[in-house]
Amino acid sequence: MLVDWLPQGLKDILGPDVIFWLGYITNGKHLNWYASVQYTLAAMLLGGAVALVVGVLAAAARNNGPRPLRWLAAGYINIVRGVPDVLFFLFFPLAFEQGLEWLYSLQVCTADTLALNVGKWPPCPAANLSFNSVAYLVLAGVSLGIVYGAFIASVVAGALQSVPQGQLEAARAYGMSRIEVLRRVHIRQMWVYALPGIANVWMSIVKATALLSLLQIFDFVAWAQRLGASNFSKAAGLVHDDWRWRYYLVLLVFYVLVTFVSEKIFSAIGSRLRRGMPMAEQGLT
Amino acid sequence: MKTLVLAIAAIAALTAGAHAQSYKIATEGSYPPYNFTDDSGKLGGYDIDVGTEMCKRAGVECTFITNDWDSIIPNLLANNYDAIMDDMSITDERKQTIAFTDPYFPPDPSTYLTLSTTKVDYANIKGMKLGAQKATIQAGYLDQNFKADNTILTYDTQDQEMADLNAGNLDIIFLDGSVVAEAVAASGGKLKADGPEILIGDGVGVGMRQSDADLTKKFDTALAAMKADGALDALIAKYFPEKAGGPFYKK
């Protein structure tokens with residue numbers, strides 16, 4: 001245990017009670033809990049990155065794309081925005097896994113093994129894919145990205161329309177093609193207008209990571225639930241009552257900290273983006 | 001299409017991992033004293049110790065993984081692991097979908113757990129809130145016998161029903177007698193075991209796929225050896241100090 005390493009003098013000052021609790025909150029299962037923050041953070045960052053890419057592509061497609069692409073993007077934005085995130089979070093990883101299993105079964109199943117397994121999933125035992133928690137973590141991040149990408153898309157679509165027409169006309173006058181205008185001028189200047197909206201969506205992504213335990217990922221929330229649960233078995237460690245609210249309080253503080261740090265980062269990015277854009281700096285858009 | 005299939009095969013190979021006679025056993029990790037996560041963060045408990053010894057004697061390599069109780073049978077059937085050791089009672093209903101090894105815990109009647117201040121007329125339970133864990137033999141029993149006149153609440157995990165009982169949101173929990181005995185002993189007089197003992201099921205066995213008859217036989221042989229030389233009795237004494245009437249298996 002970590003407290004064993006403390007010098008004796010310090011232990012005497014702190015007293016046995018403090019040493020006991022220090023030891024308790026640094027025992028193996030608590031260290032597992034702290035380490036599980038990595039899953040929460042990984043899902044957050046992956047979800048944010050996917051949402052940004054999906055969102056910008058969908059917005060550009062809806063505003064400037066050829067007609068079929070425009071319909072597709074509009075459909076994505078409207079449908080996915082209307083679905084509860086919890087539902088999509090449950091639906092997407094499962095549908096993805098079973099979809100892969102179905103494709104795989106077309107190759108590996110024979111008529112005999114299929115006949116033995118009628119009415120069961122997977123279609124034949126050989127086609128089973130057993131996803132580990134890393135795979136589920138990636139799927140969770142991608143699901144978050146797809147759901148919140150739709151919100152980012154509408155933020156970005158609005159921001160694209162806020163870029164002054166004069167800027168785009170000037171770019172075209174320089175002889176840039178449609179794609180060049182979009183890439184070099186339109187999207188570059190869009191960020192300043194989109195940033196507050198994107199920051200907002202990011203906060204939603206951060207908060208949605210509390211859903212990870214639904215996919216049997218042993219994340220920060222799932223561990224807190226397990227550690228806080230009352231324990232009557234001496235073999236399982238310290239016997240205690242229901243302590244869940246204490247652990248949930250730590251979760252609340254964690255999420256407030258993450259959103260606080262995010263806000264600082266977004267405001268730093270914002271002032272950097274507004275450099276050399278006097279109109280945006282003064283809020284005159 | 002071809003690259004797609006190759007990609008899926010690659011994922012399958014990655015997720016399948018090393019399959020050299022290594023078996024995965026699923027447990028819940030939150031059903032003390034059968035299985036739990038101990039203070040060092042590792043899985044421990046009666047199920048885990050029995051399983052580890054059983055695999056050693058059967059000459060196979062086993063690792064324990066956690067899976068929620070309510071999806072533990074479907075995931076066994078989907079080949080996500082090879083066995084279940086989670087205080088699972090052998091019942092005719094479960095035998096229709098999975099197979100079991102011989103029992104590794106002596107017949108354990110279920111009984112009622114209440115706050116020591118609660119008074120119940122067990123011959124005529126009415127207007128009570130009764131709790132059990134979802135998809136357990138006890139939940140099935142409550143549903144069959146007390147549904148009409150009482151409220152039946154089911155929980156995902158054992159600790160949730162314990163929390164509700166302690167908070168007064170629940171009058172009675174129906175649970176394995178061995179677990180009730182440990183919980184009462186640790187409660188310092190707050191809880192009591194109460195009412196009649198009711199034997200449901202045919203003991204606790206390792207849940208197996210019906211197609212894995214060879215592995216089931218191997219486990220049965222290992223368990224029989226553990227019963228004969230007293231290893232199983234020693235583990236029962238270790239995890240269930242309140243259980244009277246041993247030795248249970250040693251001849």
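Analyst: Among the contacts in chain A between residues at least 6 apart in sequence, 69% join residues that are at least 24 apart, where two residues are in contact if their C-beta atoms, placed from the backbone, lie within 7 Å. The model is predicted, and for that reason local features need pLDDT of at least 70 and side-chain atom pairs count only at pLDDT 80 or more, while totals for chains, interfaces and linings use all residues. Residues are numbered from 1 along each chain as its sequence is written, and chains are lettered from A and ligands numbered from 1 in the order in which they are written.

Chain A has 12 helices and 0 strands, with helices (H or I, at least four residues) and strands (E, at least two) taken as DSSP runs numbered from the N terminus. Its radius of gyration is 25 Å, whereas a compact globule of 285 residues would have one near 19 Å; the radius is taken over C-alpha atoms, and the globule rule is 2.2 Å times the number of residues to the power 0.38. Along the principal axes, the C-alpha atoms of chain A fill a box of roughly 75 × 70 × 30 Å.

Of the 285 residues in chain A, 29% are buried, a residue being buried if 20 or more other C-beta atoms lie within 10 Å of its own, exposed if 12 or fewer, and partly exposed in between, with C-beta atoms placed from the backbone. The largest nonpolar core holds 47 residues, and A:Ile152, A:Val156, A:Val201 and A:Ile205 touch the most other members; such a core is a set of buried Ala, Val, Leu, Ile, Met, Phe, Trp, Tyr and Cys residues joined through C-beta atoms within 7 Å. Two or more residues each come from α3 (37–64), α4 (67–81), α7 (133–162), α9 (178–208) and α10 (220–228) of chain A, and α7(A) gives the most, with 17 residues. Leaving aside residues up to four places away in sequence, A:Val201 touches A:Ala51, A:Tyr148, A:Phe151, A:Ile152 and A:Val155. A second, separate core of 36 residues includes B:Ala26, B:Met54, B:Ala222 and B:Ile236.

The two chains also meet, with 31 residues of chain A in contact with 32 residues of chain B. On the chain B side, α1 (2–16), β2 (36–37), α6 (158–166) and α7 (177–186) each supply at least two of the residues that touch chain A, and the largest share, 7 residues, comes from α1(B). This side of chain B divides into 15 nonpolar, 11 polar and 6 charged residues, where Ala, Val, Leu, Ile, Met, Phe, Trp, Tyr, Cys and Pro count as nonpolar, Asp, Glu, Lys and Arg as charged, and the others, Gly among them, as polar.

Chain B itself has 9 helices and 12 strands. Its radius of gyration is 20 Å, close to the 18 Å that the globule rule gives for 251 residues, so chain B is as compact as a globular protein of that length. Buried residues make up 40% of the 251 residues in chain B, and the C-alpha trace of chain B spans about 65 × 50 × 35 Å along its principal axes.
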